[in-house]
Amino acid sequence: LSSPSGLTHESHKKDVEQVYLRCSEGSIEWMYPTGALIVNLRPNTSPASYKHLTVCIKPFKDSSGANIYLEKTGELKLLVRDGGHSPSKVYCFGYDQGGLFIEATPQQDISRKITGFQYELMSKGIASDLHTVSAPCRPCSDTEVLLAVCTSDFVIRGSIRDVTNEAEEQESIIHVGVNKLYRQKSKVFQLTGESGNWRGQIKTLLECGVKPGDGDFLFTGRMHFGEARLGCAPRFKDFQRMYKEAKDKGLNPCEIGPD
């Protein structure tokens, strides 16, 4: 977490301050913004890998007081307009497309303004999984499911207990009852209540039209800004079939023990 403050530069409203971030994920909170802030993302990886990275930022819900630009060789491209971002909207760009230039907008009372966002750096392959433009709701092929089992941040067997649709954010929240937890990167799925049942929530696009229903599914996906995002989710009986077929042929990419 980086938290620069504009009040320390009140007499220098044209100052440009630079911030260097080494972590692959985190947040920036610029209190009382004045002047401009250049955010330099310098992950602890080889510079040769930079071209394979995607940067995503998610402005805080109440972020205000500055415009956020993508800057490269002196040219600015508006990324997030002050006060103009939608709730939960994520903005992504290639690492090699430029850096972040945050410029404070004129304010009568800067003490009431805080500009902030979360950021994540990820490989372009993972980013395309999360932000698939073409056919984001299509079923996964057998090969994609088996690969998702090996590479996803979470893999669970469970049922859809309920679905909450959020029209403003164009998202659906799937309330999942967990029957078996194979893997999770973060503690999204937890034991709840005296019954000792595992519960959790997974988000997906509203346009995918997920409905509550009977039966078990194999839910896979990735963590994105602290939230579980749905990847491949075949019916569990279909996963058992494809897993056995691949195993019999010696083609399954990893072992999971689906029973």
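## Strand pairing

Two strands count as paired here if DSSP finds at least two bridges between them. Keep in mind that the model is predicted. By that rule, β5 (residues 66-72) and β6 are a pair: five bridges join them, and the two strands run antiparallel.

## The disulfides as a set

Searching the whole structure turns up four disulfides. Count the bonded cysteines along the chain and the pattern reads 1-2, 3-6, 4-7, 5-8. Three of these links get a closer look below.

## Cys137 and Cys208

Cys137 is joined to Cys208, with an S to S distance of 2.0 Å. The link is left-handed, at -80 degrees about the S-S bond. Cys137 sits in the loop between α1 (124-130) and α2 (142-151), and Cys208 in the loop between β13 (197-205) and β14 (217-224), so this pair ties together parts that are 71 residues apart in sequence.

As for accessibility, Cys137 is partly exposed at 35%, and Cys208 is partly exposed at 25%.

## Cys140 and Cys232

The loop between α1 and α2 also holds Cys140. Cys140 forms a disulfide with Cys232, and the sulfur atoms are 2.1 Å apart. The torsion about this S-S bond is about -90 degrees, so the disulfide is left-handed. Cys232 lies in the loop between β15 (227-230) and α3 (236-248), 92 residues from Cys140, and the pair links distant parts of the chain.

Are the two ends buried or partly exposed? Cys140 counts as partly exposed, with 28% relative accessibility. Cys232 has 9%, and because buried means under 20%, Cys232 counts as buried.

## Cys150 and Cys254

A disulfide also joins Cys150 to Cys254, S to S 2.1 Å. Its torsion is about -100 degrees, so this disulfide is left-handed. Cys150 lies in helix α2 and Cys254 in the segment after α3, so the pair ties together parts 104 residues apart in sequence.

Both ends are partly exposed: Cys150 has a relative accessibility of 24%, and Cys254 has 23%.

Note on methods
Residues numbered from 1 in each chain as written. Predicted model: local features only at pLDDT ≥ 70, side-chain atom pairs only at ≥ 80, totals over all residues. Heavy atoms only, no water. Helix = DSSP H or I, 4+ residues; strand = E, 2+ residues; numbered from the N terminus. Disulfide = S-S within 2.5 Å. Buried < 20%, exposed > 50% of the residue type's maximum accessible area, 1.4 Å probe, protein only.
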